[in-house]
Amino acid sequence: MDEDNNLNTRVISQIITGAASTVIAAGVTVILVVDSMYNIPKEPRINREKEREDYINSIIHGSDSHCIDQIRMSPRAFYRLCEVLKNKNLLRPTINVSIEEQVVTFLHLIGHNVRLRVIGSRFHRSCETIHRYFNVVLRAIMKLHKDLIRPPICCTSPEIQRNRRYWPWFEDCLGAIDGTHVRASVPIALQARFRGRKEGTTQNVLAVVSFDLKFMYVLAGWEGSAHDSRILDDALSRPNGLRVPEGKYLLGDAGYGLRNGFIPPYRGVRYHLKEYSNHSPENEKELFNLRHSSLRTTVERAFGVLKKRFRVLDAEPYWSYKTQVDIILACCVLHNHIMGVDPTDNITRDVERELQSETQGTQLIRRTQREEREENREWAIKRDAIANAMYNDYINRGNMLR
């Protein structure tokens, strides 16, 4: 009896197991059929490290023009920058990120003003990694500020000495000063202060530029509504601010006024004339304003190259305001580095051509009675002496050619 029961139990168990196997097999078959109907083929697995390395190498080992298009400087300037950052122990390679990759991603970002996620996708890095190394490189470049942005010195510029139109009349001139507006992102409560003559909110950045297009002093952070003379007063009052050597001077526009170390054009006199045309200068003041304008375009050219090279300066920023200020200073540091290594690259030449094609109109510089009283008498005499001597030479040379 017990044996019959055990036999029946085994038979039933086998039947149940067989049925279950049949059901499971059928279910798996159905799943596979359905999955094959809706399954989207996956992309082949990529080697991210190799793709990243190949992309970086295509930039820094490619042609000069391609490298400048991508990271806004030539391979020679790039390697020199990496060498400086490494030798000064400002950047270090990590297990996963080389110094070259850190610098390339930073330059690509400020050169094209792309978002972190775009850079992350291109280099197969997370946004957190890109953001972290962006700040690392930014701090490193800021530490080069004292080495690359140097204050005015007493030596006469070769650009002055080699040009008969300027030498010896401007032998004490060290450079030009001007301001430029850079887009700024600030809280709504502060936006009124940052709205100046330009559209939207901006910073008003003051800069002194030498005649070889290098920044000698930069002050960023002032709101766009601030007047140029107010920013200059701040620059002169700072402990480590702008200093013009005794007896030397900078050329500025009328907004800075005539003061110790700064010479603007004559007011009430035509400005932006053409020296050799039907409307040539008729007196010493017009000639002075003409050559003053010609020399002062140096700062306009420097700003033009800076903004064309680093597109981040012409776009709506998305960093904190402190970082926005630091980025402007870092761009000026990098500009000076490039001008020292490759001063006539494609970007610089493009800006030179654009400025040459622009026609300059005639302006009449006017002044108020208050501005006349405030003009520094000593420097007014110095300006008159330059203008008179230069005009006498201009007339004498003209008579010799007749």
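Start with the whole chain and its contacts (heavy atoms within 4.5 Å): among those with a separation of 6 or more, 67% join residues 24 or more positions apart. Keep in mind that this is a predicted model, where local features need pLDDT of at least 70, side-chain atom pairs count only at pLDDT 80 or more, and totals for chains, interfaces and linings use all residues. Residues are numbered from 1 along each chain as its sequence is written, and side-chain values use heavy atoms, with hydrogens and water left out.

Switch to cartoon view. You have 15 helices and seven strands to look at; these are DSSP runs (H or I, at least four residues, for helices; E, at least two, for strands), numbered from the N terminus.

Now try a surface. The chain exposes about 22200 Å², and 51% of that comes from carbon and sulfur atoms (Shrake-Rupley areas with a 1.4 Å probe; for residues, only the protein chains shown count as cover). Of the 402 residues, 44% are buried, meaning under 20% relative accessible area with a 1.4 Å probe, protein chains only.

Next stop, the holes inside. A cavity is a set of points on a 1 Å grid over the protein atoms alone where a 1.4 Å probe fits but cannot get out, and its lining residues have an atom within 4 Å of a point. Points are joined across faces, edges and corners, and the volume is the space filled by probe spheres set on them. Two cavities of 30 Å³ or more turn up.

Select V182, R183, Q203, V312, L313, A315, P317, W319, Q324, I327 and I328 to see the lining of the largest one, which holds about 80 Å³. Helix α12 (321-341) and strand β1 (173-183) each give at least two residues, with α12 providing the largest share, three. By class, that lining is eight nonpolar, two polar and one charged (nonpolar: Ala, Val, Leu, Ile, Met, Phe, Trp, Tyr, Cys and Pro; charged: Asp, Glu, Lys and Arg; polar: the others, Gly among them).

Then move to V97, E101, Q102, T105, R125, T129, I130 and Y133, the lining of the second largest cavity. Helices α5 (99-112) and α7 (127-142) give two or more residues each. The volume here is about 50 Å³, and the lining splits into three nonpolar, three polar and two charged residues.

Is R52 buried or exposed? R52 counts as buried because its relative accessibility is 7%. Beyond its neighbours within four places in sequence, R52 contacts E101, F123, H124 and R125. Two of those names, E101 and R125, also belong to the lining of the second largest cavity.

Technical notes:
Buried means under 20% relative accessible area, exposed over 50%, partly exposed in between (1.4 Å probe, protein chains only). On a 1 Å grid over the protein atoms alone, a cavity is a set of points where a 1.4 Å probe fits but cannot get out, and a pocket is an open set with protein on both sides within 12 Å along at least five of seven lines; lining residues have an atom within 4 Å of a point.
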